[in-house]
Amino acid sequence: MTDLDRYSRQIRFPVIGEEGQRRLLASRALICGCGALGSVLANTLARSGVGRLRIVDRDFVETSNLQRQVLFDEDDVAAQLPKAVAAANKLRRINSQIEIEPIVADVDHANIMSLLEGVDVLVDGTDNFETRYLLNDAAVKLGLPWVYGGCIGAGGQTMTILPGETPCLRCLIQEAPPPDATETCDTAGILSPIINVIASIQAMEAIKILSGHREAIQRSLLVFDLWENRVLPMKAGALRDAGDCPACCRGEFPWLSGERGSHTAVLCGRNAVQLTQSAGTRLSLETLAEKLASVGRVTRNPFLLRLAVDDYLLTIFPDGRAIIGGTDDIPTARTIYARYIGS
Ligand SMILES: [Zn+2]
């Protein structure tokens, strides 16, 4: 029996009421990426009583995250925990009555459809356009509502997408900008208040959708600059009406088919490259630890293995995925991976 009393202040808001709360409790959200935006999203949606939260993230907690990623603390850094696991630990202490499903993985075209199974809304906590275009492809194909959000410096933007009804991300920007054409938190930095603003709006939009109030969603692209004190709502409806969007008008989904996008990525915000292996790869971290013991300093927990060697820090996951710290050069990262883990 769910205790509704903990949500009494939310139920008292007349549009939500007890019925809206029951709908939230019966729903499932996928939070894609649990860094800065994802932390605020997960925290807010868990406290609001979204009954099932599926949280997927590919990364682990580092000290430089703590400035803005509100779910994590120094103990998580010391324990070398993946963000999805650290988030789940914290969220279960915040609300033990909901179901938290942490998944340590990189979202790609091979796993996105299974990650979206049984999901009522998708919220964007990612840090790159390639993944967002994949999310857009999948959401438009499924007719699933999703809430886009992104931040850089002291600015950010967000838009809610109801496929078939409002413009999608490709209506807005048909082609994903090349990775080197966009600023990242590495180049432009990031101030934490903008994250709280953007993620809070995303969470509110998710709550409207899940509680059965789609009529209340924000139908413009909202652009904020908190340093310059500007908020700019941009009407985007006409973009969809033009009728030439490859995704929602022509049903083309190249990111979902794997035709577009790659799995190798220079990670946002630090000197590191992620390398992935083909689906189905399994590594024994225990065997690997024995093999690497003479090579450098090895540490391990149930979720990942870490090897410090020369100027590099390798973090290896059981699915063969690795994050090579100490370089932002993809060929160098591949060489390091082949040298110590195998090709
Ligand atoms: Zn579209």
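Donors are N, O and S atoms within 2.8 Å of the metal. In this predicted model, the metal to consider is a zinc ion, and its protein donors are the SG atoms of Cys-168, Cys-171, Cys-245 and Cys-248, lying 2.3 Å from it. Along the chain, these donors follow the spacing C-x2-C-x73-C-x2-C.

The geometry of the site comes next. Four donors count as tetrahedral if all angles lie between 85 and 135 degrees. The 4 donor atoms around the zinc ion subtend angles of 95 to 121°, so the arrangement is tetrahedral. For comparison, the ideal angle for four tetrahedral donors is 109.5 degrees.

A disulfide is a covalent bond between the sulfur atoms of two cysteines. How many disulfides does a search of the whole structure find? The search finds 0. A pair of cysteine sulfur atoms must lie within 2.5 Å to count as a disulfide. Cys-32 also counts as buried, because its relative accessibility is 0%.

A further feature is a pair of strands. Strand β11 covers residues 297-301 and strand β12 covers residues 304-309; the two run antiparallel and are joined by 5 bridges. Together, β11 and β12 form a hairpin, with 2 residues between them. One of the pairings can be followed residue by residue: Val-298 has Leu-307 in β12 as its bridge partner.

Note on methods: Residues numbered from 1 in each chain as written. Predicted model: local features only at pLDDT ≥ 70, side-chain atom pairs only at ≥ 80, totals over all residues. Heavy atoms only, no water. Donors = N, O, S within 2.8 Å, 3.2 Å for Na, K, Ca; no water. Tetrahedral: all angles 85-135°; square planar, octahedral: opposite > 155°, others 65-115°. Pairing = 2+ DSSP bridges. Helix = DSSP H or I, 4+ residues; strand = E, 2+ residues; numbered from the N terminus. Buried < 20%, exposed > 50% of the residue type's maximum accessible area, 1.4 Å probe, protein only.
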